[in-house]
Structures are given as C-alpha cells and as structure tokens.
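Morning, everyone. Let me put the structure up, and then I'll walk you through it.

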Amino acid sequence: GRCYLYMKTIERAAFPRRLWERVLLSKNYEKALEEIDENLIYWPRFIRHKCKQRFTKITQYLIRIRKLTLKRQRKLVPLRRKIERRENRREEKALIAAQLDNAIEKELLERLKQDTYGDIYNFPIHAFDKALQQQDAESESESDAEREEDDEDDEDMDKREFVEAEDSELSDFEDMDKLETSSEEEQEEEEEVEKKASHSKSKGKMPLKGPARRKRPYIEIEYEEETEPSTKTKAA
Amino acid sequence: GRGEGRAPAPERVLFPPTFSVSEIKNKQRRHFMFLRWKQQQRKEKLALKKKRRKEREALGDKAPPKAVPKTIENQRVYDETTVDPNDEEVAFDEATDEFAPYFNRQTVPKILITTSDRPRGRTVRFCEQLATVIPNSHVYYRRGLALKRIIPQCIARDFTDLIVINEDRKIPNGLVLSHLPDGPTAHFRMSSVRLRKEIKRKGKEPTEHVPEVILNNFTTRLGHSIGRMFAALFPHDPQFIGRQVATFHNQRDYIFFRFHRYIFKSEKKVGIQELGPRFTLKLRSLQKGTFDSKFGEYEWIHKRREMDTSRRKFHL
C-alpha cells in the first residue's frame, strides 16, 4: 500500500469537496519523511512531528501485514451451536449403544476360541473341544459342558502356576508376564503343528462382526512344515 | 367452565366428532382438556399391557417369542456399499490399494505425530500418550512449518504415516491421518479426549509390546478403507505377551478408540483394564492423495445437508 499525505487549510473550509489536498509520498521511507517536511513547511513543529510519527506507525504495520500474508494463515471455521450440541448428544447415545467393554471382551474370547493366541494360555485345548461340542450339540448340553470345564480347570492348576495367580487380580502383571514368557518358550520349542493353507484374504485385517467367517485378522504364525509340501505349492 | 377441583371426568364423554383438544381457544381449559386426554391415553396403554401379559402367561410355553425391540442399529437404512466378506471385487481392490504393501508385510509402520502451531499443555500430553500407545512413533513439534513441506521430508525419512492433531482453545479437537507414500488422508473431528490420569483405574503404563488391534463394525466400503488405515498404524505382528489391545469401535459413525490390557481368567471370562488415552472420532473427509486442502481429490466429504437428513442412515 502506498501512503498519501492529506492537508487541509481553513481557506477551503467552505468547499468540502476541495477541502483535502492529497500528495503521494514516495516508497522510500527517508524520502517520504523529507517530502512530508517540505509539504508541511510552514506548519507548526509539533504537528509535523506527529504526522511523521503516524507515518512511521503506518509503514510498520504495512510491513507486518505483508509478512503475515506470506506465512500460513490460521483459518477460523465457525462452529454451529445446534450442530455441536446435536453431535455431542448423538455421541453419548452411540457410546451407550456401543457397550464397548462387552464388545471387546467378546472379541477377545472369540480370538481365544479361534486359537489365534496359539498355546500361550493353558485352557485353549479344552476350550477348543468344548467349542466343538457346543456347536454340535446346539446348546442342550451346555450346563454339562460347563461343569466339565470347571473340573478340568482344577486339573490345570496342578500343572502350571499361571492359573493360580488369578487371585492377585490385575496388579501383578509383571509377575504374570515372566511366568507367561517361560511357559511360552517351552511350548513353542516343542511343537511343530501344521496350519491349514491360508489364502491371501486372511492376511488382511478383515473388520469384525461380519456375518460368516472371521479370518484370523492379525497374525501369521509360521511353523515348520515337513509333510505335504506338494499341496501347498499348488495352492500358492 | 371446567373447574380444577372437579372430580375426574366421566368415562364416556360425548364430543362432536370433529372436536380436537387444540381447537379450544382458552388456554386454561385447553390445558385441562389435554391433561385429561393424556391420562386417558396412559390408562389405555396400561390396560393393553396388562392384557397382553395375561395372555402371555395364559399361553405359557406356546406363547409367541417376545418381539425384538427396535434399535437404531436394527432399523439402519441398508447401505448399498456394505461389504460382503465373500466379495471378490472388494478383495481384489484391497489387494491392490495403497495399503497392500503393509498387509503384505513389505513395510513396517513408522508414524510421525505432530500438532498444529503452538500446542498447549493438554495437547502436548495427549501427543506423548498417543506415542506410547502406537509403537514406532515419534512426536515432533511443528514450529510453524507448512505441512506440504514436511511431507516430502517425511517420505524421504521412511515414515509411513502422519498424524496431525489440531488444537482449539487448549484442547485437541481434530485429527488428520495421512498415509504417507501417496496414500489417503482422512480428516476427523475428535471429541471427548481423556488423558491417562483422568481415566479411573489403578493400572500401570502401557509397555513397549506391540498391541493387538480390534476393528469393530466397519461395514461399508468407506468403513473398510478407514479400518485399514487404522490397522496400518500398528505393526503386523502383535506380541501376545504384552496382552494389550487397541480397539477402534465404530458405532453410528462415531469411532471410539480405547486401549486396554486384558487377562484371561478362564476360557469364558476375560478381564480388561483400561490404560492409555481414549477419544472418539467422527470422519469428516477422506482425500485420495496426501494432505492437500486446495487441489486434493476428495473421495468422501461429510455434507451436512445431504447426509444428516435421516437418523438411521450411517456411512461408515
């Protein structure tokens, strides 16, 4: 922006249109100050000084404006109160409908049943059989199955310390971790189980709660396969 | 007129057939008539309920099963882009989209977390906690740098994802998640952020183990791609020793993020303890390339006028 010097004299007070006289000042700061001086030559010293002060202020803020427009500007987006309130309410209702804890627990149990954790936990063997039984028998023998499970859990307690430490709840996690790692190492060294040939689909993380089959969303545990190499190569 | 101290109205009141309570001009009388009408409705409803219950008990075993109550999820308008798990076209798309290298294990995720200019205390702490939740992530402060300049630098240093947390009045309120080597960019509105100390629990800090990921309820195509975006943040192989799980649960277009530690008490019971921050996200837009507000090609934008018209229609 260019700066102008506006002057008025009392002789022209009767003619408002011609009241103000305009002079374009040069872009150079020092030269502009000199121009102000020569234009306001017979004016009082105080007024000249004030005019030059104002001019300095104006040039400085013009410089700042130019610098700011080059930087990134923060864009302010107005919030609409009604919409904000509506969204907050809907979020609360969705939270209640989601029942997150139950959903997470269900999902974890499903993964346990589907053997994604391998043999880290003691009970999977029994759970797997139980799951098969339950699926076949279709919920008529559930009460019997549960009683059996309880008995077998007691048996497990004799074999490994892990199950006993249940009582300490969730504050002894470090101890749990140590126990688990030791048991895990033993098991992994011992076993060489074959898994069925996995399609490329199962490598992806399928979103859950889909209707039919649920692939193992995450892991690809690699096992050494000694038998059946031919079928694998054909499938791949 | 009708005095308030009158005895309740007689059972059979005769009115001309075109009468309605709202036509009475006098407010007091109208109010009174309306209350009486309401009481009558309630009585009728109660009587109906009792009758039904009696019938049900009378039938005993032969009674028809209880009707399933209608919920918003039940009544949801069927979305034509819902993914069928057996769909081959979807599977093919997913095998060739930008996340394919991640799912084929060719890339390891490396995340850069940053904020908008001059983040305030809460945002800074939230960023740090988020960095502990997501393995292999780094927090860098943005001191006035333009995103468009950061992105090529990130790509050069092998980052796979960029998270920008936008802040407003000292609380984080937006999240931009961008998959770096030319991947999609999603812009979310973030709400109800709770830091670790605000969550009521008495657990410890999350460890360095790689957590598992749970993605719930991402049904449509759009939901699918967002779900894969989230999945791509975490390394492919979770460490089950860590027993940590990060959950992204979609419910009515709101994505709830939680971070828990679980423990199996038995085959049928699992205990979870919440650690780590929690927040909810709502998708605002999905862009095809990396972050570019002016020239980007938007795959999906939330248009309020068109998309918020029905209460039972959701997009994720």
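Where is the place of Q99(A)? Q99(A) sits in the loop between α3 (81-98) and α4 (100-113) of chain A. Helices here are DSSP runs of H or I of at least four residues, strands are runs of E of at least two, and both are numbered from the N terminus.

Some ground rules. This is a predicted model, where local features need pLDDT of at least 70, side-chain atom pairs count only at pLDDT 80 or more, and totals for chains, interfaces and linings use all residues. Residues are numbered from 1 along each chain as its sequence is written, chains are lettered from A and ligands numbered from 1 in the order in which they are written, and side-chain values use heavy atoms, with hydrogens and water left out.

Back to Q99(A). Its phi is near 50°, positive in a residue other than glycine. Q99(A) counts as partly exposed because its relative accessibility is 48%. The cut-offs: buried is under 20% relative accessible area, exposed is over 50%, partly exposed is in between, with a 1.4 Å probe and protein chains only.

N136(B) is not a glycine, yet has a positive phi of about 60°. N136(B) lies in the loop between α4 (121-133) and β2 (137-139) of chain B. With a relative accessible area of 37%, N136(B) is partly exposed.

Now chain A as a whole. Chain A has eight helices and two strands. Along the sequence, the pattern is β-β-α-α-α-α-α-α-α-α. Of its 236 residues, 28% count as buried.

Next, a helix pair in chain A. The axes of α1(A), residues 29-39, and α2(A), residues 45-70, come within 10 Å and cross at roughly 150°. So α1(A) is roughly antiparallel to α2(A). Axes are lines fitted to C-alpha atoms, for helices over the stretch in contact, with angles from 0 to 180 degrees between N-to-C directions. Under 35 degrees counts as roughly parallel, over 145 as roughly antiparallel, 65 to 115 as roughly perpendicular, and the rest as oblique. Which residues meet? On the α1(A) side they include Y29(A), L33(A) and I36(A), and on the α2(A) side C51(A), F55(A) and T59(A) are among them. Contact means heavy atoms within 4.5 Å.

On to the strands of chain B. Strand β3(B), residues 161-168, is mostly covered, with six of its eight residues buried. β3(B) pairs with β1(B), residues 111-115, in the parallel sense over five bridges. Strands pair if DSSP finds at least two bridges between them. β3(B) also runs antiparallel to β4(B), residues 171-179, joined by eight bridges. Take L162(B) in β3(B). L112(B) stands opposite L162(B), and in β4(B) the bridge partner of L162(B) is S178(B). The hairpin of β3(B) and β4(B) has two residues between the strands, and R169(B) there takes a positive phi near 55°.

Last, the cores. A nonpolar core is a set of buried Ala, Val, Leu, Ile, Met, Phe, Trp, Tyr and Cys residues joined through side-chain atoms within 4.5 Å. The largest has 44 residues, and those with the most contacts inside it include I163(B), I165(B) and F248(B). Apart from that core lies another, of 14 residues, among them I104(A), L108(A), L112(A) and F240(B).
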